[in-house]
Amino acid sequence: MRATARPRVAVLDRPRAALVAGGAGFLGSHLCDRLLDEGWRVTCLDNLLTGSLSNLAEALRDPRFDFLRGDVTEPLDGLLYGRLFDRVYNLACAASPPLYQADPEHTLLTSVVGTKQLLDVARANGARFLQASTSEVYGDPMVHPQPESYWGHVNATGPRACYDEGKRCAETLVFDYLRAGRGDARVARIFNTYGPRMSAADGRVVSTMIAQALAGEDLTIFGDGTQTRSFCYVDDLIRGLMALMECAEPIDGAVNLGNPDEFTVAELAERVILATGSRSRTVSKRLPVDDPKRRRPDISRATEVLGWRPETDLETGLSATVAWFRRTSAVADAQAEM
Ligand code: NAD
């Protein structure tokens, strides 16, 4: 590893084109916007399972942006015929437990077949590939905080396995691809990320609590609330993903991207109540099966190799997210009245 913390960005000598699979989702749509801001042509490939075109409202007005509706588990040649890419980002996969557990077989195939197919697309284009992996590859960790060298503690047969094991297998595919000398590829292990465009109904902790607080409902805490999470604001995460993709030197191994500030779920509930000014209280429900008790990234690798670290604290990020939830629910109310 280098001693300096300066990112090295590759300069391409022709207009740059990126394929973003899963680009209509929460993270993918922010990535599409940032790529467009930085001068890329962007093709988004998404089956709209958990994403939506409303996330792409700005991007769709840009002539350099194209949306293709398709499923990464289906053959892609026809859909992508005649298109050339310099970069392939794979973010396709439902990320919220109730949604990825709704069709576990499809979730698993999305990670395994989808990653294999998108690696083939990258190889055919001579494009660099980035896989959006997850902190869930560490399962319910026995090592804390989690460095990339930790192999994880995952239940291979539980209800979360379709996601966790799918993502682990996708990582295996990427590293076999690299070992076989087929091309350049990077793996980001993303930790809990929040921000505007999260769906209020998808069961993720930050969006669920904000929606409950704004509706004046009790905030649900699963278990006793002492389990910890670290929450990364979306802008920081997207900056990290792009830095990882554009790092000029090949990267040996996966890279954790997340915010190392650790909060208990009960503390998060307090922060959400403060950020919304709500009078809501908290209510406990039974902890779901295999829910990890502690989660916090060791980001020394991302800092050393990419010069990356999160810049947005929880208070600032929550306030931006709450403002977005307020704006979108005001728009929805106005539309309902029309
Ligand atoms: P999301 O559900 O909002 O976005 C996923 C997108 O992929 C959606 O637009 C969905 O329609 C699309 N998709 C799902 N299956 C597909 C398929 N078979 N073919 C084509 N498109 C498909 O989730 P997100 O939070 O934006 O997560 C994006 C990626 O980042 C996922 O791969 C997820 O595993 C990873 N990740 C996210 C987080 C987080 O906190 N948000 C944490 C760790 C990892």
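In what order do the seven strands of the open sheet stand? In this predicted model, the order is 3-2-1-4-5-6-11, and the pairing is parallel. Two strands stand at the edges: strand 3 (65–69) and strand 11 (255–257). Each has a single partner strand, so one side of each is left without a neighbour in the sheet. On average, neighbouring strands are turned by 20° against each other, direction ignored.

Now look at one pair inside that order. Strand 5 and strand 6 (residues 185–190) run parallel, and six bridges join them. Here Leu-130 stands opposite Arg-186 in strand 6. Helix 5 (residues 161–179) lies across both strand 5 and strand 6. Its direction is about 155° to strand 5.

Next comes the ligand. The shell around the ligand holds 27 residues, and Gly-22, Gly-25, Leu-27, Thr-50 and Gly-51 come nearest. Helix 1 gives the most, with three residues. By class, the shell has 13 nonpolar, twelve polar and two charged residues.

Helix 1 also has a helix partner. Helix 1 packs with helix 7 (residues 234–246) at an angle of about 65°, and their axes are 10 Å apart. The crossing is right-handed. From helix 1, Leu-27, His-30, Leu-31 and Arg-34 take part. They meet Val-234, Leu-237, Ile-238, Leu-241 and Met-242 in helix 7. This contact has seven nonpolar residues, one polar and one charged.

Methods. Residues are numbered from 1 along each chain as its sequence is written. This is a predicted model: local features need pLDDT of at least 70, side-chain atom pairs count only at pLDDT 80 or more; totals for chains, interfaces and linings use all residues. A residue is near a molecule or strand if its C-beta atom, placed from the backbone, lies within 6 Å of it. Helices (H or I, at least four residues) and strands (E, at least two) are DSSP runs, numbered from the N terminus. Ala, Val, Leu, Ile, Met, Phe, Trp, Tyr, Cys and Pro count as nonpolar, Asp, Glu, Lys and Arg as charged, and the others, Gly among them, as polar. Axes are lines fitted to C-alpha atoms, for helices over the stretch in contact, and angles run from 0 to 180 degrees between N-to-C directions. A crossing is left-handed if the near helix is turned anticlockwise from the far one by less than a right angle, and right-handed if clockwise. Two residues are in contact if their C-beta atoms, placed from the backbone, lie within 7 Å. Two strands pair if DSSP finds at least two bridges between them.
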